[in-house]
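Hi,

Here is the structure I said I would pass on. Have a look at it first, and my notes follow below.

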Amino acid sequence: MKKRILLTLILLLCVHYYIAQTINPPIGRIAIVADGNSPDPDDLGGTAISIALIKAAGLEDRLVHYSHSCDLVRDDRISEKAEKERHHLMQVACDMTARRWNGFKHLTFFDAIWQKEETINDLAWAIQSSTKDNPLWIIEAGEPDIIGMALQKTAKEKHKYVKVITHHPANDNAGDFYKWQEILDFGIEEVRIPDQNIKLKVPIVQWDWAKSHTDSRIQLIWTIGKLAEVDDVVKFQKGKWDCSDAGMILYWITGANNNGLKQGTVEDVKSILLNYIKENPEKPRGPKRKKKKK
């Protein structure tokens, strides 16, 4: 029995050590440009997990821009009504996750179509603030057009301090106004990692740990990802829980081009989030009842 207890303690210490060692972000700030309004609804889960991972890593102050719905021209595969729903769902995924996980009051989550000018200006400001010692890492979680428009508005000498992380050519080649080569022509640094769908678009049962978790913050992110699974616009999400774009966040918070995790898994996400939940238990909800005077 004593040996079993000792072995358990050693394993727990190893897990804690592993988590502490994996959070090793590069210098600089991070910006995320996602779609979610296009026919592929995976950005719902990807957004919720991305925000939660950044908070769990203690890096919320380094997130300086987040925009969604960056697919600027509606695809015929999605109706106007369904498109409008997606905008609202993506806004909820951003705002509700940020509020429940806390720490993002400094940030406005922009809708890239409904707040196009503000979105471009906000990202341009982040680019313009970049220096050698404080570069900007842009997560390309959707089409590249907003990134191109923001780069177009900024000084060319700043572009060498901008790094764009991408994992799938489907995003690179989907722009309606900018091709990927045109983004590269601005002089930014391309940071390409393997396709994150391979290990982060998985059978939904692999997320039962989140579905049945007692902490409502974990339940929330599962629910948001489930919304994508029940989507009736596309069929390829059926039976899947997909947070593939969050793999780029895993890569960044674990070191990026300094041995960052290039092929993230559900277990990686689970370990980081549950470690945070353990260290930061959920506070009781609801107002405290006032004691009645006798």
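Before the rest, a bit of bookkeeping. This is a predicted model, where local features need pLDDT of at least 70 and side-chain atom pairs count only at pLDDT 80 or more, while totals for chains, interfaces and linings use all residues. Residues are numbered from 1 along each chain as its sequence is written, and side-chain values use heavy atoms, with hydrogens and water left out.

On naming, helices (H or I, at least four residues) and strands (E, at least two) are DSSP runs, numbered from the N terminus. Two strands count as paired if DSSP finds at least two bridges between them.

**The sheet**

Six strands form an open sheet with parallel pairing, in the order S3-S2-S1-S4-S5-S6. The edges are S3 (109–111) and S6 (189–192); each has a single partner strand, so one side of each has no neighbour in the sheet. On average, neighbouring strands are turned by 20° against each other, direction ignored. For this and the other angles, axes are lines fitted to C-alpha atoms (for helices over the stretch in contact), and angles run from 0 to 180 degrees between N-to-C directions.

Going through the pairs, S2 (residues 63–68) runs parallel to S3 and is joined to it by three bridges, with His 68 partnered by Asp 111 in S3. S1 and S4 pair in the parallel sense over six bridges. S4 is also joined to S5 by four bridges, again parallel, and there Ile 138 has Val 164 as its bridge partner in S5.

S4 is mostly covered, with six of its six residues buried. Buried here means under 20% relative accessible area, exposed means over 50%, and partly exposed is in between (1.4 Å probe, protein chains only). In a regular strand the side chains alternate between the two faces of the sheet. For S4, Leu 136, Ile 138 and Glu 140 are buried on one side, and Trp 137, Ile 139 and Ala 141 are buried on the other.

Contact means heavy atoms within 4.5 Å.

H11 (residues 246–253) lies across S1, S4, S5 (162–166) and S6, running at about 160° to S4. Eight of the eight residues of H11 are buried, so this helix is largely enclosed by the rest of the structure; among them are Met 248, Tyr 251 and Trp 252. Just after H11, Gly 255 takes a positive phi of about 130°.

H4 (residues 116–128) has 13 residues and reaches 18 Å from first C-alpha to last, close to the expected 18 Å; the expected span is 1.5 Å times one less than the number of residues. Which residues of H4 are buried? They are Thr 119, Ile 120, Leu 123, Ala 124, Ala 126 and Ile 127. These cover an arc of only 160° around the axis, which puts them on the same side of H4; the arc is that of the directions from the helix axis to the C-beta atoms. Glu 117 and Trp 125, on the other side of H4, are exposed. The buried residues of H4 pack against S1, S2, S3, S4, H5 (145–152) and S5.

**Cysteines**

A search of the whole structure finds zero disulfides (pairs of cysteine sulfur atoms within 2.5 Å). Cys 70 counts as buried, at 0% relative accessibility, and Cys 94 counts as buried at 0% too.

Cheers
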